[in-house]
Amino acid sequence: MTAPSTALFTDRYELTMLEAALRDGTAARRCVFELFTRRLSGGRRFGVLAGTGRLLSLIRDFRFDDDELRFLRDHRVVDAATLAFLQDYRFTGSVRGYREGELYFPGSPVLTIEGTFAEAVVLETLALSVMNYDSAVATAAARMAIAAGDRPLAEMGSRRAGEHSAVAAARAAFIAGFGATSNLEAGRAWGIPTMGTAAHAFTLLHDSEEDAFRSQIEALGTGTTLLVDTYDIPTGVETAIRVAGTGLGGVRIDSGDLPIVAAEVRAQLDELGAAGTKITVTSDLDEYAIATLAAAPVDAYGVGTSLVTGSGTPTAGMVYKLVARQDHDGSWVSVAKASADKSSKGGRKAAFRMLDHGTATQELIVVSDGFEAIETAVEHPDARALQVPLIEDGRIDAAYEGAAGVADARAHHARVREELPVRALALSRSDPAIPTVYMEAE
C-alpha cells in the first residue's frame, strides 16, 4: 500500500516561487541549500539533532498525486505548467548531513540539500517542521538525561501534544537518552520500549484504594508500580505494601514537594521491609526539577509536558537557506542573506568536530566558493568529520530510517555526548559550549 503523500505539508510560497522560476527559466539551476541555526535557542549550550530518519521517509513520500494536484488546481494555487511539473515531481538530488543524534552548534550545516532549485526549494517547510521540533525535544531530553544521571527516564507527554507530534517527541526523547515511552504508536513505529500502569482514575473507580491496588496486582503481578498519592500518601504506601507484600516493584508519586515526599516514602518503605521497592516521580518535571532531586531517594522519572514542548524552547530555530547556485555559464556562485541579525555564510561547507584528547574544542566549518569536494579538507588526527551521505541522486539510504535507524541514532548520541566539555553539562543559560570557526578551503 502506498503511503500518503506529504507534498502539501508545505507553505504556499514554495510553490509560487517554483511557478515564477519555471516561467523565467531559473528553475533548473543547480543549487545548494543548507539547514542550520544561527544561534542556539533558549541559551542552550549545545543542540541535539533529531528528525533525520523521519524526514528521509517523508521525502520519499513527497509527491503530487491526483488529490494534491486537484486541490492546487481547484484553488488556483499555481498555473497549468507548474501543475504539469509537479505531476512528475520526485526528488532526484542529494542530501548530506550530520548523523541523527549528533550534537550541533551555531552555523553547523546539519543538512545540505543539492539539486535543481525546483526540486530543492519545495522541501524547505517539510524539512524545517521536522528538524526544528524533533531537535528541540531531543535537546531538552538530553539536558534531562544529564540531570538524571544513571536514573532512568520515561517519556509520557502524549496528552500535551498533537497526536503526530506526540509520536515524534517520543522518538526524539529516546534518541537523546530516555529509556521508554507511554505512547504505543511510538513503540510500534520506532521500536521504543513502552511502559504504563494506572492513573488516578483507576483508584477512583473502585470503592477503596485497597480494592484498586488488589485489582492491579491481580492483573499485573507484584512487580507493577502502584500510584500512591490519590488520597493520603503515607496511607497509600502502607496499603500498597500490605496488599502486594514487600516484593512490590514500585510506587509512583505525582504530587507534593517531591524531594521531601520522596524521602518520607523511602523511609516508610524501608521501615515496612520493602527496601527493594523503587520510587518513581512524575508531576510536571523538567531538567531543573530533576536536578533538584539528585540527592533525593528517587529511582526513576516520568516526564511529560516540559519534554514535548522543548522545556520552554519548542523550536530549534533552524533555517533553510540557499548558499550556492550555478551561474549562466555553469560556474558556481556563493550566495548569502545579508540582513542585520539574520545574515548567513555562503558557499558549500564541510564540518568537523575538533577534539583534544576526546573532548570537543571547536566546530570547524570549511567553506568552498567553488564546488569541489571538501569533505576531507581537514587532515588532523583529532578532527572528526560530521557529515554523511543521506540521499544520493534521489536514492535514500534506508539505514537511517525505521526502528533500526532510531537505535543507531540513540547509540551515536550516547557516544558523542561523551565529547562534551564539562561546562556544556550545566543547565544555566550561556554561550555555546564550543565556538564555531570558519575556514576557507584552499
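Contact here means heavy atoms within 4.5 Å. The legends below describe close-up views of a predicted model.

**Figure 1. Packing of helices α6 and α7 in the predicted model.** Tyr-133, Asp-134, Val-137, Ala-138 and Ala-141 of α6 are in contact with Ser-165, Ala-168, Ala-169, Arg-171, Ala-172 and Ala-173 of α7. By class, 8 of the residues in this contact are nonpolar, 1 is polar and 2 are charged. The axis of α6 and that of helix α7 (residues 163–175) come within 8 Å and cross at roughly 45°. The two helices are therefore oblique to each other, and the crossing of α6 and α7 is right-handed.

**Figure 2. Packing of helices α2 and α6.** Helix α2 spans residues 52–60 and helix α6 spans residues 124–148. Their axes lie 9 Å apart, at an angle of about 160°. An angle over 145 degrees counts as roughly antiparallel, and α2 and α6 are therefore described in that way. The crossing of α2 and α6 is right-handed. From α2, the contact involves Thr-52, Arg-54, Leu-55, Leu-58 and Ile-59. The partners from α6 are Leu-126, Ala-127, Val-130, Met-131 and Asp-134. The residues of this contact comprise 7 nonpolar, 1 polar and 2 charged. Asp-134 of α6 takes part in the contact with α2 and also in the contact with α7.

**Figure 3. Packing of helices α3 and α4.** The axes of α3 and α4 are 11 Å apart, and the helices pack at an angle of about 170°. The pair is therefore roughly antiparallel. On the α3 side, Leu-69, Leu-72 and Arg-73 form the contact, and they meet Leu-83, Leu-86 and Gln-87 of α4. This contact of α3 with α4 contains 4 nonpolar, 1 polar and 1 charged residues.

**Figure 4. Buried and exposed residues of helix α4.** Helix α4 covers residues 80–87, and Thr-82, Leu-83 and Leu-86 in this helix are buried. Viewed down the axis of α4, these buried residues fall within an arc of 100°, so they line one face of the helix. The buried residues of α4 pack against α1 (12–24) and α3 (66–74). Two of them, Leu-83 and Leu-86, are among the α4 residues that meet α3. On the other side of α4, Ala-80 and Ala-81 are exposed.

**Figure 5. Arg-76 in the loop between α3 and α4.** Most residues other than glycine have a negative phi. Arg-76, which is not a glycine, has a positive phi of about 50°. The residue is situated in the loop that lies between α3 and α4. Its relative accessibility is 73%, and Arg-76 therefore counts as exposed.

**Figure 6. Ser-283 in the loop between β10 and α13.** Ser-283 likewise has a positive phi, near 70°, in a residue other than glycine. The loop that holds Ser-283 runs between β10 (278–281) and α13 (287–292). With a relative accessible area of 27%, Ser-283 is partly exposed.

**Figure 7. Surroundings of Pro-432.** Pro-432 occupies the loop between α15 (402–417) and β19 (436–440). The relative accessibility of Pro-432 is 27%, so the residue counts as partly exposed. Leaving aside residues up to four places away in sequence, Pro-432 touches Leu-40, Arg-44, Arg-45, Phe-105, Pro-106 and Arg-423. The C-alpha atom of Pro-432 is separated by 23 Å from that of Ser-339, and the two residues are 93 apart along the chain.

Figure 8. Taken along the principal axes, the C-alpha atoms fill a box of roughly 85 × 55 × 35 Å. The protein chain has 442 residues, of which 52% count as buried. Among contacts between residues at least 6 apart in sequence, 75% join residues at least 24 apart.

Methods:
Residues numbered from 1 in each chain as written. Predicted model: local features only at pLDDT ≥ 70, side-chain atom pairs only at ≥ 80, totals over all residues. Heavy atoms only, no water. Axes fitted to C-alpha atoms, helices over the stretch in contact; angles between N-to-C directions. Helix = DSSP H or I, 4+ residues; strand = E, 2+ residues; numbered from the N terminus. Parallel < 35°, antiparallel > 145°, perpendicular 65-115°, else oblique. Left-handed = near helix turned anticlockwise from the far one by under 90°. Nonpolar A, V, L, I, M, F, W, Y, C, P; charged D, E, K, R; others polar. Buried < 20%, exposed > 50% of the residue type's maximum accessible area, 1.4 Å probe, protein only. Arc of directions from axis to C-beta.
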